[in-house]
Amino acid sequence: MAHGAEAAAGRGAEVAQLPDFHRARQLGVVVRPMTGDDMGFLAQLYRSTREDELAITGWGEEQKKSFIDMQFRAQHAHYQKHYPEALWLILERAGQPVGRLYLERWSSQHRIIDIALLPPARGHGLGGAILLDMHDEAASAGKAVSIHVEKVNPAMSLYRRLGYETVEDKGVYDLLVWTPPG
């Protein structure tokens with residue numbers, strides 16, 4: 001799996017420039033391409049996004065770890081297969097990874113495949129700054145920004161505040177789109 005991550009990170013970096021996240025940078029966040037060395041962090045980050053679900057299972061730690069490992073590997077393989085030209089980015093603050101951003105720049109829109117922050121990094125404006133920076137980049141190219149978001153995701157209120165609208169109900173997920181003004 002590490003080899004695939006390195007290949008994807010390298011391919012994405014060659015195909016397109018890294019986004020210029022000036023708002024995020026003002027908050028101390030920088031982006032860099034994902035490498036195979038990031039897989040442990042990414043698995044930890046993935047688990048942090050599933051803790052509420054795990055808390056109600058009644059499973060022991062071994063069952064939780066096994067389930068999360070399986071789900072993380074499946075998600076990672078799915079993303080790599082279905083978004084081969086994506087940018088696979090790690091978000092860092094003070095030299096430490098705090099999140100991930102997977103982004104595909106299509107001719108019609110910029111698709112956020114996934115964005116996630118560790119719990120201590122949530123609720124401090126980092127996600128909003130990154131989204132606004134992506135809006136700037138997309139708008140300068142005359143494109144929209146889209147993302148699939150779980151209906152129960154706490155970040156849904158952030159997307160709504162930033163002007164994202166539901167364009168398709170996908171069951172558990174909504175497909176949200178932000179369209180540049182004018």
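Is Arg105 buried, partly exposed or exposed, and at what relative accessibility? Arg105 counts as partly exposed, at 26% relative accessibility, where buried means under 20% relative accessible area, exposed over 50% and partly exposed in between (1.4 Å probe, protein chains only). A word on what you are looking at: this is a predicted model, in which local features need pLDDT of at least 70 and side-chain atom pairs count only at pLDDT 80 or more, while totals for chains, interfaces and linings use all residues. Residues are numbered from 1 along each chain as its sequence is written, and side-chain values use heavy atoms, with hydrogens and water left out.

**View 1. The whole chain.** The protein holds seven helices and seven strands; helices (H or I, at least four residues) and strands (E, at least two) are DSSP runs, numbered from the N terminus. Along the sequence they follow the pattern α-α-β-α-α-α-β-β-β-α-β-α-β-β. The C-alpha trace spans about 55 × 35 × 30 Å along its principal axes. The radius of gyration is 16 Å, which agrees with the value near 16 Å for a compact globule of 182 residues (taken over C-alpha atoms; the globule rule is 2.2 Å times the number of residues to the power 0.38). Of the 182 residues, 45% count as buried.

View 2. Arg105 and Glu137 meet through their side chains in a salt bridge, 2.9 Å from N to O; the term covers a side-chain nitrogen of Lys or Arg within 4 Å of a carboxyl oxygen of Asp or Glu. The pair links distant parts of the chain, with Arg105 in strand S3 (residues 96-105) and Glu137 in helix H6 (residues 126-140), 32 residues apart. Glu137 is partly exposed at 21% relative accessibility.

**View 3. Other charged pairs.** By the same rule the count comes to 14 salt bridges, and here are some of them. Arg47 pairs with Glu51, their closest N and O atoms being 2.6 Å apart. Arg47 counts as buried at 17% relative accessibility, whereas Glu51 is partly exposed at 34%. Arg25 and Asp20 form another bridge, with 3.0 Å between the closest N and O atoms; Arg25 is partly exposed at 46%. Arg23, Asp133 and Asp136 are linked in a network of salt bridges.

**View 4. Inside the nonpolar cores.** The largest nonpolar core has 30 residues, and Leu101, Ile112 and Tyr164 have the most contacts inside it. Such a core is a set of buried Ala, Val, Leu, Ile, Met, Phe, Trp, Tyr and Cys residues joined through side-chain atoms within 4.5 Å. H6 supplies the largest share, six residues. Tyr164 touches several residues beyond four places away in sequence, among them Ile112, Leu131, His135 and Trp178; contact means heavy atoms within 4.5 Å. A second, separate core of 18 residues includes Phe41, Tyr46, Leu54 and Ala116.

**View 5. Along helix H6.** The end C-alpha atoms of H6 are 21 Å apart, which agrees with the 21 Å that its 15 residues should span at 1.5 Å a residue (the expected span is 1.5 Å times one less than the number of residues). Its buried residues include Leu126, Ile130, Leu131, Asp133 and Met134. After H6 comes Gly142, which has a positive phi near 70°.
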